[in-house]
Amino acid sequence: MTTQPSARERLLDAAEELVSMQGVTVTPVDAILERARVSPATLYAHFGNKEGLITQALQRRLSAWDRTWQQCIDAADTPEEKVLAVFDALAQHRRSLHPSRWCVFLGVTAEAPSRGPELEDILAGDTRLLADRLGELAAGLVGAGRSENLAQHLVLVYTGVLGMILRGADADTAIADGRRIAAITVSAFGTADA
C-alpha cells in the first residue's frame, strides 16, 4: 500500500510547483490549498501564512540544490571541473524538481519587494551559497587574492544562464553554453599574471 505524503509535504509540493511555474504573486493561497487538498486551517497551523509556506518551500528547495551541487563537486576530478560543477548541478537539479520558468529564488526576489525577515534570509542564503562556494572553489585555482573576483564573474555567467532560460532558451543549451563561457573565464583567470 502506498502512503500519501503528509498535509505539510503536500502543501510544500503544491507551493513549490505553482510558484515555480506561475510566480509567487499570481499564485493565490486558494490554488495552493486546492492542489494540496488541504484546508486553510492546515496551512495556517503548519506555516502561519502564505509567506511562511513559501519560505519553507524555498528552504527545502535550497537544501536540495545544495546537496545536488555538492554531489557534482564531489564527482569532479580537477579543481577547474569542481568550479564548473555548478552548471552540471544546475542541469541535474532542473531535471529532479518541478519544472520552473527560471530560478525560483530570483523570481520571488523580483516579485516580493517587501519581505519578512525569514523570507529575506532564505533568499539571501541562496545568493550566499552561490558566491561563497564558488569563491572557495575558485581559491583552489587562482589563490585567495583573486578568488572573489573570479567567483563574481562566475555568478554573473550563472545568472545569465538563468535569464536566458526565462527568455525562452532551451535550458540544456543555455546551461551548456554557460558552462563553456565559464570555462573560458576560468582559463583567463588562470593564465592572467602568469
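Mentor: A helix here is a DSSP run of type H or I with at least four residues, and helices are numbered from the N terminus. The model is predicted.

Trainee: Which elements each supply at least two residues of the lining of the largest cavity?
Mentor: The largest cavity holds about 150 Å³ of space. Of its 13 lining residues, the closest to the centre are Arg 61, Leu 90, His 93, Cys 103 and Tyr 158. The elements that each supply at least two lining residues are H4, helix H5 (79-96), H6 and H8.

Trainee: Which element gives the largest share of the lining of the largest cavity?
Mentor: Start with the elements that each supply at least two residues: H4, H5, H6 and H8. The largest share is three residues, and its source is H5.

Trainee: How do the residues of that lining divide into nonpolar, polar and charged?
Mentor: Tyr and Cys count as nonpolar and Arg as charged. Cys 103, Tyr 158 and Arg 61 are among the residues closest to the centre of the largest cavity. For the whole lining, the division is eight nonpolar, two polar and three charged.

Trainee: How many cavities of 30 Å³ or more are there?
Mentor: The largest cavity has about 150 Å³ of space. With the cut-off at 30 Å³ or more, the count of cavities is two.

Trainee: Which element gives the largest share of the lining of the second largest cavity?
Mentor: The lining consists of Ala 15, Glu 16, Val 19, Ile 54, Ala 57, Leu 58, Arg 61 and Val 104. Two elements give two or more of these residues, H1 and H4. The largest share is four residues, and they come from H4.

Trainee: How does the lining of the second largest cavity divide by residue class?
Mentor: Glu and Arg count as charged; Ala, Val, Leu and Ile count as nonpolar. Apply that to the lining, which includes Glu 16 and Arg 61. The division is six nonpolar, no polar and two charged.

Trainee: Which elements give two or more residues to the lining of the largest pocket?
Mentor: The largest pocket has a volume of about 180 Å³. It has 13 lining residues, and Leu 106, Asp 126, Thr 127, Leu 130 and Thr 159 are the closest to its centre. The elements that give two or more residues are H6, H7 and helix H8 (144-166).

Trainee: Why are the buried residues of H6 on the same side of the helix?
Mentor: Helix H6 covers residues 104-111, and its buried residues are Val 104, Phe 105, Gly 107 and Val 108. They are on the same side of H6 because they cover an arc around the axis of only 160°.

Trainee: What covers the buried residues of H6?
Mentor: Gly 107 is a residue of H6. Buried means under 20% relative accessible area, and Gly 107 counts as buried at 11%. The cover over the buried residues of H6 includes helix H1 (7-22), helix H4 (50-75) and helix H7 (117-142).

Trainee: Is Thr 27 buried or exposed?
Mentor: Thr 27 sits in the loop between H1 and helix H2 (29-36). Leaving aside neighbours within four places in sequence, Thr 27 is in contact with Leu 18, Val 19, Gln 22, Ile 32 and Lys 50. A polar atom of its side chain lies 2.5 Å from the backbone oxygen of Gly 23. With a relative accessible area of 0%, Thr 27 is buried.

Trainee: Is Leu 33 buried or exposed?
Mentor: Leu 33 is in helix H2. Not counting residues up to four places away in sequence, Leu 33 touches Leu 11, Val 38, Ser 39, Pro 40 and Leu 43. Its relative accessible area is 7%, so Leu 33 is buried.

Trainee: Is Arg 37 buried or exposed?
Mentor: Arg 37 lies in the loop between H2 and helix H3 (40-47). Its phi is near 60°, a positive value in a residue other than glycine. Exposed means over 50% relative accessible area. At 55%, Arg 37 counts as exposed.

Notes:
Residues are numbered from 1 along each chain as its sequence is written. This is a predicted model: local features need pLDDT of at least 70, side-chain atom pairs count only at pLDDT 80 or more; totals for chains, interfaces and linings use all residues. Side-chain values use heavy atoms; hydrogens and water are left out. Buried means under 20% relative accessible area, exposed over 50%, partly exposed in between (1.4 Å probe, protein chains only). The arc is that of the directions from the helix axis to the C-beta atoms. Contact means heavy atoms within 4.5 Å. On a 1 Å grid over the protein atoms alone, a cavity is a set of points where a 1.4 Å probe fits but cannot get out, and a pocket is an open set with protein on both sides within 12 Å along at least five of seven lines; lining residues have an atom within 4 Å of a point. Grid points are joined across faces, edges and corners, and a volume is the space filled by probe spheres set on the points. A polar contact is a pair of N or O atoms within 3.5 Å; within protein, one must be able to donate a hydrogen and the other to accept it, and residues adjacent in sequence count only if both atoms are side-chain atoms.
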